[in-house]
Amino acid sequence: MTEGSRNITRQKLSRRSVLAGFGAGASYLAMPWVARAQDEIIRIGFPTPLTGPFAAEARDQVKCAALAVKQFNDKGGINGRKVELLVRDDKLNGGEAATRTLELIEKDKVHAIVGALSSAVQLAVNEVTRARGIIYVSISQSDTINEVKDFSKYTFHEALNPHMTTAAVARHSFKKGNKVAHLVADYAYGHEMLRGFKRAQAQIGAETVGEILHPFGAADYSTFMPRLRSMRPGILCISNFGRDQANSIKQAVDFGMKQQMKIVVPVLLHNQRLAVGPDVYEGVVGGANYYWGLESGNPSAKAFNDAYRDGNRNAIPTDYGAYGYTGVSSLLLAMQAAGGTDTEKVITALEDLKYDVAKGPQQYRKCDHQSVQSVLVLESKKAASMKSEVDLFDIVANEPASTDLLRSCSELGFPA
Amino acid sequence: MDTELILMQLFSGVALGAILVITALGLSIIFGMLGVVNFAHGALFMVGAYAGLWVASLTGSFWWGLLVAPIMIGAFGMIIEFVLVRPLYGRSIDDPLLLTFGLGYVLVEAVRIIFGSDGIPFPTPPQLIGVVDLGVGFFPIYRLFVIGLVILVLLLLWLGLEKTRFGLIVRAGARDPTIMRVLGVDIGKVWLVVFGLGVGLAALGGVLAGPMRSVNPEMGSLVLAEAFVVTVIGGLGSLLGSIVAGLLVGIAISMTALFAPEMATIVMFALMAVVLLIRPQGLFGKLA
């Protein structure tokens with residue numbers, strides 16, 4: 001039961017940090033005079049789905065965000081002002097996220113928001129921050145948030161977007177003449193990944209032999225398997241997230257699909273690989289914003305991993321955890337450069353910022369505020385070649401940060 | 001669309017139906033005999049999966065987990081009945097419903113505290129890994145095993161209820177507990193066993209589902225919904241109803257998955273709505 005004990009330690013730690021966030025929020029409600037007296041403190045709101053199917057990823061986000069805040073505070077804060085993280089559970093629900101965000105802005109008087117984990121929830125948060133003129137650093141995958149329709153000057157997108165993820169994954173796993181069948185979760189995330197893959201396929205010359213949309217949160221995928229097999233693909237491309245990914249890959253493997261086709265996913269999820277084991281994921285290829293194994297050739301990753309290990313009993317940060325770290329770090333670096341929390345100055349600072357905190361150089365593109373960054377392509381290792389319990393993936397490629405992977409500003413609808 | 005694919009799809013539906021039957025059966029038995037709507041059913045399904053995993057990891061064998069976990073959780077179910085549910089008999093039907101609803105949350109949270117909320121790998125037993133060629137397509141050996149086991153369990157249940165003295169008492173007790181008491185039968189003991197049996201079946205469903213799905217604290221929430229839909233379609237309390245409805249829902253999901261896959265989850269609720277409109281008591285239910 002080593003898996004179990006590992007999970008227990010994680011649970012305790014995350015719970016503590018979450019409680020710290022909740023406690024801080026509650027003290028403001030209880031003592032409004034304190035809030036006024038402590039205007040010095042820089043408050044960052046952090047809505048994320050602590051409960052529900054993406055809870056594992058959300059908790060990692062919180063831990064890493066808290067690490068970024070701690071590092072700034074240990075160095076004396078920002079111009080002497082301490083930073084505080086206010087964590088809220090958005091329950092993976094757009095309405096809940098909007099309410100929590102509004103509370104963070106109105107009651108807790110946060111200076112900026114970082115967070116959200118689902119593409120649809122993130123858009124709900126964005127609606128609120130955009131209307132209130134509050135800076136929002138989104139750490140969930142989305143394409144629409146870059147487009148002119150959803151864009152606001154207050155919004156920065158730290159996460160990869162589906163377009164760049166699928167472009168990088170396709171570049172390293174599809175070949176001309178490949179036949180690709182798609183199994184796709186029927187909501188924004190799946191739709192955007194599918195669109196990205198099909199666009200990349202068109203460039204590479206790989207053919208789509210069929211696509212099946214499955215309901216979000218389905219537990220059984222057996223009924224999709226006969227039809228997927230009858231499409232006779234060389235590649236089965238599964239675009240879904242969280243437990244949907246674990247369940248669908250597990251059942252595809254049960255049905256013997258891996259003997260006949262390669263399984264490719266847009267994002268190879270660290271926690272889901274842990275949850276279903278190496279045999280199920282063996283040979284599955286997918287993208288990632290971060291993998292701890294980067295540290296062998298990347299000093300920023302080494303520093304980030306070491307700092308995380310220190311505070312988390314030698315555990316390593318995960319992919320979605322890293323978003324919490326890079327997202328909060330970029331915001332705080334910009335606040336430091338801007339000399340405070342003045343919204344306009346911080347926006348300018350974010351636009352000018354060049355940062356390298358965990359994975360190599362990153363920079364927000366001016367037109368759509370998308371973070372231009374490297375994309376990893378990973379392949380899940382087989383059990384026999386794992387050197388440790390956390391040695392999960394081989395890095396197939398590290399696609400360097402480049403606007404080549406993004407849609408151009410004019411394609412997104414921005415004036416040239 | 002060729003016939004092979006449709007046949008294969010039909011078979012997938014029956015297989016899925018078998019899994020639905022096993023998850024719905026415990027719920028149906030407890031309601032049919034005791035009149036208690038067990039909202040902790042999904043949570044007990046999940047606890048069963050964890051218990052199976054725990055026993056399997058201690059003994060190193062899936063088979064011990066499959067055998068011991070349902071008995072263990074069934075005994076736990078008896079404690080639940082004796083300590084929590086029993087004081088509520090004779091009160092409104094809502095009271096045990098609310099109690100078990102809360103109990104479900106407690107169980108989920110307890111598992112989160114003990115095992116963490118990330119989920120734990122539950123490997124398929126090595127003897128049952130792989131696929132077989134059915135002539136119309138490939139099918140996992142493990143799922144075939146599940147179908148076989150479900151048939152076996154149904155057969156045993158039927159024999160137990162129809163051919164034994166205890167079964168006779170259970171059936172009579174479900175119809176008129178007062179008369180049974182007058183005849184000198186300790187109906188409390190019967191209810192204890194029936195509740196334990198229902199909970200044990202939920203746990204068995206959980207252990208069987210473990211190698212097919214990821215095992216995590218929330219795995220029971222969808223199962224509760226599915227089990228309810230199946231029992232409502234079949235008629236609350238009717239065992240035959242649960243079996244027929246489980247297969248029906250499985251086939252409906254499978255066929256929808258073929259023609260309109262994004263509707264595959266909704267179709268069972270649509271089916272339930274249609275059945276309720278035409279036959280409010282369900283396919284095999286009796287009018288109150």
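This is a predicted model: local features need pLDDT of at least 70, side-chain atom pairs count only at pLDDT 80 or more; totals for chains, interfaces and linings use all residues.
Local features required pLDDT of at least 70 and side-chain atom pairs pLDDT 80 or more, whereas totals for chains, interfaces and linings use all residues. Residues are numbered from 1 along each chain as its sequence is written, chains are lettered from A in the order in which they are written, and side-chain values use heavy atoms, without hydrogens and water.

A search of the whole structure returned five cavities of 30 Å³ or more. A cavity is a set of points, on a 1 Å grid over the protein atoms alone, where a 1.4 Å probe fits but cannot get out, and its lining residues have an atom within 4 Å of a point. The volume of the largest cavity is about 170 Å³. Its lining comprises 15 residues, with A:A219, A:D220, B:E226, B:I253 and B:T265 nearest the centre. Helices α1 (3-34) and α9 (219-234) of chain B each contribute at least two residues to this lining; helices (H or I, at least four residues) and strands (E, at least two) are DSSP runs numbered from the N terminus. By class, the lining of the largest cavity holds 10 nonpolar, two polar and three charged residues. The second largest cavity, of about 60 Å³, is lined by residues of chain A, including A:F54, A:L117, A:Y187, A:F241 and A:Y320. Six nonpolar and four polar residues make up the lining of the second largest cavity, with no charged residues.

Side chains of opposite charge can pair when their charged atoms come close. With a salt bridge taken as a side-chain nitrogen of Lys or Arg within 4 Å of a carboxyl oxygen of Asp or Glu, the count over all chains is 32. One of these joins B:R143 and A:D220, with an N to O distance of 3.1 Å. B:R143 lies in helix α5 of chain B and A:D220 in the loop between β7 (207-214) and α8 (225-230) of chain A, so the pair joins two chains. B:R143 is buried (under 20% relative accessible area, against over 50% for exposed and in between for partly exposed; 1.4 Å probe, protein chains only), at 3% relative accessibility. A:D220 is likewise buried, at 12%.

Within chain A, A:K63 and A:D60 form a salt bridge whose closest N and O atoms are 3.9 Å apart. Both residues belong to helix α3 (residues 55-74), where a spacing of three residues separates them by about one helical turn. A:K63 is buried at 9%, and A:D60 is buried at 2%. In helix α4 (residues 94-115) of chain B, B:R112 and B:E109 are also three residues apart, and their closest N and O atoms are 2.9 Å apart. B:R112 is buried at 16%, whereas B:E109 is partly exposed at 29%. A network of salt bridges links A:K91, A:E96, A:R100 and A:E103.

Most residues other than glycine have a negative phi. A:L92, in the loop between β2 (83-89) and α4 (94-106) of chain A, has a positive phi of about 60°. A:K109, in the loop between α4 and β3 (112-115) of chain A, has a positive phi of about 50°.

A nonpolar surface patch of about 510 Å² is formed by B:L152, B:L155, B:L156, B:W158 and B:L159. Patches contain residues with over 30% relative accessible area and no salt bridge, like charges being joined within 9 Å and nonpolar side chains (Val, Leu, Ile, Met, Phe, Trp, Tyr) within 5 Å. B:W158 lies in helix α5 (residues 141-163) of chain B and is partly exposed, at 47% relative accessibility.

Conventions:
Accessible areas come from the Shrake-Rupley method with a 1.4 Å probe; for residues, only the protein chains shown count as cover. On a 1 Å grid over the protein atoms alone, a cavity is a set of points where a 1.4 Å probe fits but cannot get out, and a pocket is an open set with protein on both sides within 12 Å along at least five of seven lines; lining residues have an atom within 4 Å of a point. Grid points are joined across faces, edges and corners, and a volume is the space filled by probe spheres set on the points. Ala, Val, Leu, Ile, Met, Phe, Trp, Tyr, Cys and Pro count as nonpolar, Asp, Glu, Lys and Arg as charged, and the others, Gly among them, as polar.
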